[in-house]
Amino acid sequence: MNLDTREPMIDTLGVLETAALLRELTAGLIAVAGFDEALDRLVRIARDAVPGVDCCGFTALRAGEPAGVAASDPARAELDDLRHGPDTPAMTAIRRREMITAGDLAEESPWPAWAERARGLGVHGVISAPVDVDEQVIGAINLYAESAGALTPRHQLTAMLLAEHAGLLLAAARDRERQAARVDQLDTTLLAEGVVGQAVGVIMTQRGCPAPEALDVLRSAASSLDIPLREVAERLVLTVSRPRDN
């Protein structure tokens, strides 16, 4: 008896491609400190890793207001930009909280003005999937094809998994960005304090390094000695303030 194994093989390849995409996405975004940089990497990785997708974009909203876009192809960034109007696949996906697909933009579209711009830019198919980032930021990842009918149900499944995974990674990037901002604020406060600022100045003079690096040296010493940062600073300032024996 002959068995046709071609379809299972195609499905297996699709699973492997999607798994590879998610691994690459994790590797590319796991250590990114900034949200905007994470978006830029996301759209480039998705474009390069998903067969049949010619460009990729991301539409972001913060507290319900447009908060920027990312596009793998800058010439097509306007397709993700809500400043050109809210009637877009991305905004529809965000409002409905569901994936939106248009396989052929030459057919009747719920976004006629947007579809006309898309066709003018050589885009004839789109999938938009909503992405939940955190309590303030939501968005949609948009996969574009230059050929009508190029985006298949397999692309829809990939978009759904991509959106879920991207939401987790982007949330982590937002957390790192907020943490870095808190650290910067703390650093500014510490540098403004007398003894810590003096100690940082001493280290800057001795090592010829900038203030953030000098503060890191001070923190490292405090951690190694297991004593408060202020105490390390006081000891250093006291040491350099003592008159040297002749």
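Author: Happy to! This is a predicted model, in which local features need pLDDT of at least 70 and side-chain atom pairs count only at pLDDT 80 or more, while totals for chains, interfaces and linings use all residues. Residues are numbered from 1 along each chain as its sequence is written, and side-chain values use heavy atoms, leaving out hydrogens and water.

Let's start with the rings. A pair of aromatic rings is described by the distance of the centres and the angle of the planes. Rings of Phe, Tyr and Trp (its six-membered ring) pair if their centres lie within 6.5 Å; planes under 30 degrees apart are stacked, over 60 edge-to-face, and the rest tilted. Searching the whole structure turns up two aromatic pairs. In one of them, the centres of W111 and W114 are 6.0 Å apart and the planes stand at 80 degrees, so this pair is edge-to-face. W111 and W114 also belong to one aromatic cluster with Y144.

Now for the surroundings. Buried residues make up 40% of the 246 residues in the chain. The chain has eight helices and five strands, where helices (H or I, at least four residues) and strands (E, at least two) are DSSP runs numbered from the N terminus. Along the sequence they follow the pattern α-α-β-β-α-β-α-β-β-α-α-α-α.

Conventions. Buried means under 20% relative accessible area, exposed over 50%, partly exposed in between (1.4 Å probe, protein chains only).
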